[in-house]
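Me: Please consider the structure shown below. The questions that follow concern its pockets.

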Amino acid sequence: MPVPARSLPLLLGLLACGCPVSAMATWSIVACDPDGSCGVAVATHQLAVGASVPAAQARVGALASQFETRPTHGPQGLAALARGQSPTAVLHTLVDTDDGEDGDARDRQIGVVAASGASAAYTGSHAQAADWAGALQGEGFSVQGNGLAGPRVLEAMRARFLATPGALEVRLMAALEAGQAAGGQRIGAMSAALLVRTPQGGWADVDLRVDASRDPVGDLRALLDRRQAHQGMIRAERLLARGDRAGADRAVATALAQSRDWDRIWRRAARLAMQEGERALAVERLSVFQQLNPVWAREELRDPLYAALADEPRVAAWR
């Protein structure tokens, strides 16, 4: 395919400097909490950022390798942190041993944080030229980005992260949203990811990804809300099993508010209402569930749990 004349100066410039041709714009935060949880939130104008940029290990640290991502930086950096290297020493190791695959050290931007709270960042000369680029560190976190609307993006991320209470994933997500609200990347974004590794592991870990979207940060928030809703329903069920009905009711109310119309959450809420003997409340929740997923609602109502609703006209119409 012939190259348009207007593109020749740009193409020749890229070839002359040896710069890789890529979507050079990313913003991220890496952080660890005192409980040992470590994670990353990141957004970029590239496909599937969660598959290559973020890396984290509980009680060890977290790392983001961006601009020209080198996927091996994650496992190499975490292994070095686990051996006791400081984030600064880890950066020196990664930069000094960069053999030029998919760019070289000039094309890297890396943020590293250790579970101890120490943090550091590196921005190569080519990454620095993707105006605006930079990084900010503090105890337990580092924010970094390139191709940004300006320094206010990272400043907003830092401020929101420090001001937000709650679990690490909540604080990371808030920081990413603050960066977008402050202008994010000048060319927009395509994908986003949130990764948190916890000392408990398993279902306590968070690994959410939006691989391609017109609003990846907004879609990532929706995923986190639904995950929080699911965790809230689990908490409610456990509280009810322990006899804490008031606590269970509060947990259900929060979960439903975060559910983003996820049918599964409304179904579980209806089942809890039946277990509590709240028939009218169960019908109201079933009504929402039925509107969201009438096929599943019909199957659900075959469960003997709902026998007490046999004389409810609305329920009969849904069967």
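Me: How much space lies in the largest pocket?
Reply: This is a predicted model, in which local features need pLDDT of at least 70, side-chain atom pairs count only at pLDDT 80 or more, and totals for chains, interfaces and linings use all residues. Residues are numbered from 1 along each chain as its sequence is written, and side-chain values use heavy atoms, without hydrogens and water. A pocket is an open set of points on a 1 Å grid over the protein atoms alone where a 1.4 Å probe fits, with protein on both sides within 12 Å along at least five of seven lines; lining residues have an atom within 4 Å of a point. With volume taken as the space filled by probe spheres set on the points, joined across faces, edges and corners, the largest pocket holds about 310 Å³.

Me: Which element gives the most to the lining of the largest pocket?
Reply: Helices here are DSSP runs (H or I, at least four residues), as are strands (E, at least two), numbered from the N terminus. Helix H6 (168–181), helix H7 (216–241) and helix H8 (245–258) each give two or more residues to this lining. The most, 5 residues, come from H7.

Me: How much space lies in the second largest pocket?
Reply: Its lining includes Trp203, Asp205, Arg227 and Gln231. Strand S10 (206–210) and H7 each give two or more residues to that lining. The space in the second largest pocket is about 230 Å³.

Me: Which element gives the largest share of the lining of the second largest pocket?
Reply: Strand S10 and H7 are the elements with two or more residues there. The largest share, 6 residues, belongs to H7.
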